[in-house]
Amino acid sequence: MSLSLAGKVALITGAGSGIGRAHAVLMAERGANVIINDVTADGLEETAALTEVSGGNVEMMLYDVSEVSGMTHRIQAMEKKIGRIDILVNNAGVSGQRLAFDDIDEASYDRMVDINLKGTFFATRAVVPGMKERRYGKIINTSSMYALGGNDLAAHYSAAKSAISGLTNSLARELAEWNIMVNAVAPGFVRTAMTSAGRDDAAIAARAESIPLGRMGDPIDIAQTVAFLASDEADFITGQVISPNGGERIVGI
């Protein structure tokens, strides 16, 4: 058993910045060939450059995960080109923008569900046939700490991320007979450009002080968890939602 991902092919959505970029770089460092997806060309190119420095082979896929037909076609074409996709990391998502319930209109709700939930659902649909044929696959979804206990702002975000946790549990049962393992990470507060938007330095510092470990997460904290789940060392783990959150949410039995 090993944390090495040598010879594996990993598709990472939302890899143009932040946590998704950390996934791509770390997986390449551990030997994987990576397919990186995002809607921002500049971000994809920056991630590709960093990933190539790590020694990995990189393919770029510029497309919106919520556009199901086009995204499915691109995934299938990429799988045909490379030969397989062993690992899918459903990382693409949007934040809740700290919206109060009364301020969440239909457009905000639809965007949240389309990107966070529908994108995850149908990207998974696109890779599962090949994984079934090869009788192997690792699918890692991105839930949230807020799916474990809610949040007083951004109810649509908490709802979508809770749905991802449920999807993870269900697919783990359904796909187990093909040796496809499905898990999720539920990150705590990780400092990225997206999570820092609308917060000044004082607010960020206060937020960090509220976390038992005394700091916010870094993208590498989440990437290391995901890379572990993608590795051979996690071959008996499926249907789990693992939350690297510094102790901010502690969920017992």
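Which residues in α3 meet which residues in α4? The legends below begin with that contact.

**Figure 1. Contact of α3 with α4 in the predicted model.** Val68, Thr72, Ile75 and Glu79 in α3 meet Lys118, Phe122, Ala123, Ala126, Val127, Gly130 and Arg134 in α4; contact means heavy atoms within 4.5 Å. Helices (H or I, at least four residues) and strands (E, at least two) are DSSP runs, numbered from the N terminus. Six residues of this contact are nonpolar, two polar and three charged, where Ala, Val, Leu, Ile, Met, Phe, Trp, Tyr, Cys and Pro count as nonpolar, Asp, Glu, Lys and Arg as charged, and the others, Gly among them, as polar. The two helices pack at an angle of about 30°, with their axes 10 Å apart, which makes α3 roughly parallel to α4. Axes are lines fitted to C-alpha atoms, for helices over the stretch in contact, with angles from 0 to 180 degrees between N-to-C directions; angles under 35 degrees count as roughly parallel, over 145 as roughly antiparallel, 65 to 115 as roughly perpendicular and the rest as oblique. The crossing of α3 and α4 is right-handed, the term for a near helix turned clockwise from the far one by less than a right angle, left-handed being anticlockwise.

As a predicted model, it requires pLDDT of at least 70 for local features and 80 or more for side-chain atom pairs, while totals for chains, interfaces and linings use all residues. Residues are numbered from 1 along each chain as its sequence is written, and side-chain values use heavy atoms, with hydrogens and water left out.

**Figure 2. Contact of α4 with α5.** From α4, the residues Ser108, Tyr109, Met112, Asn116, Leu117, Thr120, Phe121, Thr124, Val128 and Lys132 meet His156, Tyr157, Ala160, Lys161, Ala163, Ile164, Leu167, Leu171 and Leu175 of α5. This contact comprises twelve nonpolar, five polar and two charged residues. The axes come within 9 Å and cross at roughly 15°; α4 and α5 are therefore roughly parallel to each other. The crossing is right-handed.

**Figure 3. The largest nonpolar core.** This core has 31 residues, and those with the most contacts inside it are Leu11, Ile75 and Ile139. A nonpolar core is a set of buried Ala, Val, Leu, Ile, Met, Phe, Trp, Tyr and Cys residues joined through side-chain atoms within 4.5 Å; buried means under 20% relative accessible area, exposed over 50%, partly exposed in between (1.4 Å probe, protein chains only). At least two residues each come from β1 (9-12), α3 (68-82), α4 (106-134), α5 (155-175) and β6 (180-185), and α4 gives the most, with seven residues. Apart from this core lies another, of 23 residues, among them Leu5, Ile19, Ile140 and Ala234.

**Figure 4. Leu26 and the contact of α1 with α8.** Leu26 is placed in helix α1 (residues 18-29) and counts as buried at 7% relative accessibility. Beyond residues up to four places away in sequence, Leu26 touches Ile220, Ala223, Gln224 and Ala227. Leu26 and Ile220 are 194 residues apart in sequence and 8.0 Å apart in space, C-alpha to C-alpha. The axes of α1 and helix α8 (residues 219-230) come within 8 Å and cross at roughly 50°, which makes α1 oblique to α8.

**Figure 5. Surroundings of Ser165.** Ser165 is found in helix α5 and is buried, with a relative accessible area of 12%. Leaving aside neighbours within four places in sequence, Ser165 is in contact with Ser143, Ala147 and Val241.
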